[in-house]
Amino acid sequence: MKIAVTGACGYIGSHTLVDLIQHGFEVISIDNNSRSTPEILEGVTAITGKIVPHYPIDMCQLDDLEQVFVQNPNIVGVIHFAAYKWVGESVDKPLLYYHNNLQALLNLLKCIQKFDIPYHVFSSSCSVYGNPDALPVTEETPLALAESPYAMTKQIGERIISDFSRLGVNANVLLRYFNPVGAHPSAKIGEIQPIPQNLVPFITQTAIGLRPALSVFGNDYDTRDGTCLRDYIHVSDIAHAHTLALQHLVKHQIQRNYCEVFNLGSGEGATVLEVIAAFERATGEKLAYQIVDRRAGDVAKIYANRHKATHVLGWQPQYKLDDMMRTAWQWQLRLQEHPIDFPVIG
Ligand code: WQD
């Protein structure tokens, strides 16, 4: 079965290509490489032995996107990752985020309707829950007002897909990621953040000497050690959940007005200091860090109830926090030896 993966050159996209190929799917990549590099597909090929056809088009250009589906008439599913995802940037550039993330989705849904593509898996985020009152978070936890334009594009995206699914045109699965971290155990693919936006790239770039010290954003939260608590989940476990979601749709010949949400988290919370301790334990590296003020918009604590993904999709995360830290470090070491060019973000 042939699957189109948008944003396939990105962090989760590239790991999902590997998992799909290893589970017998044929894949194509659709990515304008504004925040990624097609070079990452060489790593996918090194792992799987398969060349991935790449379409470097902007999904906001409907004609260009339609041409991909004209040239690939036997696509049965789409996994849609292509979106900007940096919370801080979305606050500074809301129009960029609303245009890019929503126009791309709208154009994709138009193609799904025009080319009669039955299955769609959408990349959503735990940030749709905002600052939850009750933990762990389930799929029934009410969505709070999104804390950033990025999170709002995910909330609006989910609503667009929910309304679209009522047309009976296709079947949709929405996957709400918690905090994806780590890298493929081969260290041939991983996350590329020249200017880190998230905790773990900051940790590995500090440990390798690219940054003087990690700043820990606050230690006066209501958690077991005062630092924020998150649900970290290995990117390869996240990737496999996409394969399981597609298999779920195909195996059960899901009816065409289906729209289901699944949390993708480990179900275990870890504080920033616990992540640092796991990194030092897993790598033997000592990490320089300092406690600084809180970061605006940070949620104190959030972690998932993953019961639904486990029981409906059969999803069983394999990697523990130490594995996440070890694989993230191995990827950072590889980047040091084999730097990958990355587009300058305007
Ligand atoms: C994690 C923790 C920081 C950097 C974001 C998106 C979310 C999802 C995951 C896409 C927080 C602390 C961080 C640093 C620190 N993305 N931290 N020093 O903000 O939980 O979630 O990524 O789906 O939508 O919002 O991730 O990695 O930025 O922060 O202390 O230098 O690490 O305060 O508690 P976040 P993060």
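Reader: Which residues line the largest cavity?
Author: This is a predicted model, to begin with. The lining of the largest cavity consists of H80, A82, A83, N101, L105, F122, T153, K154 and G157.

Reader: Which elements give two or more residues to that lining?
Author: Helix 5 (94–114) and helix 6 (149–165) do. Helix 6 gives the most, with three residues.

Reader: How much space lies in the largest cavity?
Author: About 50 Å³. The count of cavities of 30 Å³ or more comes to one.

Reader: And what is the lining like by class?
Author: Four residues are nonpolar, four are polar and one is charged.

Reader: What about strand 1 and strand 4, how do they pair?
Author: In the parallel sense, over five bridges. V5 is opposite I79 of strand 4 there.

Reader: How many residues of strand 4 are buried?
Author: Five of its six, so strand 4 is mostly covered.

Reader: Zooming out, what is the strand order in the sheet?
Author: The order is 3-2-1-4-5-6-11, seven strands in an open sheet with parallel pairing. Strand 3 (54–55) and strand 11 (259–264) are at the edges; each has a single partner strand, so one side of each has no neighbour in the sheet.

Reader: What holds paired strands together in general?
Author: Strands of a sheet pair through backbone hydrogen bonds, in a parallel or an antiparallel way.

Reader: Back to strand 11. How many bridges does it have with strand 6?
Author: Six, and strand 6 (residues 171–177) pairs with strand 11 in the parallel sense. V173 is opposite E260 of strand 11.

Reader: I also clicked on V261, which is in strand 11. Buried or exposed?
Author: V261 is buried: its relative accessible area is 15%, and the cut-off for buried is under 20%.

Reader: What is V261 in contact with, leaving aside neighbours within four places in sequence?
Author: E139, L174, R176 and K308.

Reader: And how far apart are the C-alpha atoms of V261 and F122?
Author: They are separated by 9.4 Å, with the two residues 139 apart along the chain.

Reader: Which strands does helix 8 lie across?
Author: Helix 8 (residues 235–251) lies across strand 1 (2–6), strand 4 (75–80), strand 5 (119–125), strand 6 and strand 11. Helix 8 runs at about 145 degrees to strand 5.

Reader: Pockets next. How much space lies in the second largest pocket?
Author: About 350 Å³. Its lining has 21 residues, and E191, Q193, Q205, Q332 and L335 lie nearest the centre.

Reader: Which elements give two or more residues to the lining of that second largest pocket?
Author: Helix 7 (199–207) and helix 11 (321–337). Helix 11 gives the most, with five residues.

Reader: How do the residues of that lining divide by class?
Author: The lining of the second largest pocket has 13 nonpolar, six polar and two charged residues.

Reader: Good, that covers my list.

Terms used:
Residues numbered from 1 in each chain as written. Predicted model: local features only at pLDDT ≥ 70, side-chain atom pairs only at ≥ 80, totals over all residues. Heavy atoms only, no water. Pairing = 2+ DSSP bridges. Helix = DSSP H or I, 4+ residues; strand = E, 2+ residues; numbered from the N terminus. Contact = heavy atoms within 4.5 Å. Axes fitted to C-alpha atoms, helices over the stretch in contact; angles between N-to-C directions. 1 Å grid on protein atoms, 1.4 Å probe; cavity = no way out; pocket = protein on both sides within 12 Å on 5 of 7 lines; lining within 4 Å. Points joined across faces, edges and corners; volume = space filled by probe spheres on them. Nonpolar A, V, L, I, M, F, W, Y, C, P; charged D, E, K, R; others polar. Buried < 20%, exposed > 50% of the residue type's maximum accessible area, 1.4 Å probe, protein only.
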